[in-house]
Amino acid sequence: MILTFSNGKESISLYGDGGGVFNIISVEGMSFTEKRYTTVRYYGVDGQTTVNSSDMSRTITISGDMLFDSSLAEKAVKVLSKECTLLCISGNKRRKTRCKTLSFELGKKMGKYRKFTLQVECDSPYFTDEEIMVIPFFKRINLVKGNFQLPCMFTERISNERVENHGDEVLYPVIVTEATLPSGVEGERYIKIFNETTGAVILLECDLMPGERLTVDLEKREIKGSVQGNLLYRLKEGYLSDFYLAPGENIIKFENHTSMLGEAYVTYFNKYRECVF
């Protein structure tokens, strides 16, 4: 296992296999977080009924030893004194979270090494992928090879309707549509996105301007066009709060019936309840 703390300017890495400047002896808090339950009890009814549950923030405690050098200790303090991204690498898993340091204590010196205890808190109980997932719904690829001058572009349509949520929790992605090519469609102008897995739908009655990027941010509950600005008022069917990716396979139907076509894709981070076991 390798744990890397980075504050955007500097970083330090802790190693679980020994031999590094910072070596991990034990780590706690990488698995399930504590849950808080809201329950009610009814007169004459045995037991209780759980009406709500929420995950608490995550606290990670790391014990280890470090190759003691005053400059290394100073660097560790500089890195950990700011909010950090914690990247955990274990085998083929690479997961990250944001954290802030609660304490960093140095213990007894043992030869050239010195014991340390590091405790950090993560506001979010979840780990995410290291890199963002980008899954295309619709794309056009130019099929013309060479230096041909043509009045039109030969293209091929590529669609992807299966979006996999590999995590443990529902997630609210960002859906992006880029207007790059005239579509030639007639009639009503709209974009419709339907999740067959959950039954949620988003119907946006609007047209796209040439070169415009339409962003549907389901986490922030926003719909914005890079040219037209706020387009939330154009939502005619569905609720942004109802459109999410359920754990497992989600079958998405994407329909662009505007005057402009282009790439359309969904971006998201999978959310995991644990980093390593």
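Colleague: Are arginine 95 and glutamate 274 buried or exposed?

Modeller: Arginine 95 is buried, and glutamate 274 is buried too. Buried here stands for under 20% relative accessible area, exposed for over 50%, and partly exposed for what lies in between, with a 1.4 Å probe and protein chains only. Keep in mind that this is a predicted model, where local features need pLDDT of at least 70 and side-chain atom pairs pLDDT 80 or more, while totals for chains, interfaces and linings use all residues. Residues are numbered from 1 along each chain as its sequence is written, and side-chain values use heavy atoms, without hydrogens and water.

Colleague: Which salt bridge does arginine 95 form?

Modeller: In general, side chains of opposite charge can pair when their charged atoms come close. Arginine 95 pairs with glutamate 274, with 3.1 Å between the closest N and O atoms; a salt bridge is a Lys or Arg side-chain nitrogen within 4 Å of a carboxyl oxygen of Asp or Glu. Because arginine 95 belongs to strand β8 and glutamate 274 to the segment after β25 (271-272), the pair ties together parts 179 residues apart in sequence. Helices (H or I, at least four residues) and strands (E, at least two) are DSSP runs numbered from the N terminus. Arginine 95 also has its charged end over the ring of tyrosine 272, 3.6 Å from the ring centre. That label requires NZ of Lys or CZ of Arg within 6 Å of the centre and within 35 degrees of the ring normal.

Colleague: How many salt bridges does the structure hold?

Modeller: There are 13 of them. Among them, glutamate 249 bridges to arginine 162 at 3.0 Å between the closest N and O atoms. Arginine 162 counts as exposed at 51% relative accessibility, whereas glutamate 249 is partly exposed at 39%. Another example is arginine 213 with glutamate 178, where the closest N and O atoms are 2.6 Å apart. Arginine 213 is in strand β18 (residues 213-217) and glutamate 178 in strand β14, so this bridge ties parts 35 residues apart in sequence. Salt bridges with shared partners also join Lys35, Asp55, Glu169 and Arg273 into one network.

Colleague: How many aromatic pairs are there, and how do I read one?

Modeller: A pair of aromatic rings is described by the distance of the centres and the angle of the planes. The structure has three pairs. Rings of Phe, Tyr and Trp (its six-membered ring) pair if their centres lie within 6.5 Å, and planes under 30 degrees apart are stacked, over 60 edge-to-face, the rest tilted. The centres of phenylalanine 104 and phenylalanine 116 are 6.1 Å apart with planes at 55°, so this pair is tilted. Phenylalanine 104 sits in strand β8 (residues 93-110) and phenylalanine 116 in strand β9 (residues 113-122), twelve residues apart. Both are buried. For tyrosine 172 and tyrosine 244, the centres are 6.0 Å apart and the planes at 70°, so they are edge-to-face. Phe22, Phe104 and Phe116 make up one aromatic cluster.

Colleague: Which residues of helix α1 are buried?

Modeller: An α-helix has 3.6 residues a turn, so residues three or four places apart point the same way. In α1 (residues 70-80), Ala73, Ala76, Val79 and Leu80 are buried. Seen down the axis, they fall within an arc of 125° (taken from directions to the C-beta atoms), so they line one face. Glu74 and Lys78 are exposed on the other side.
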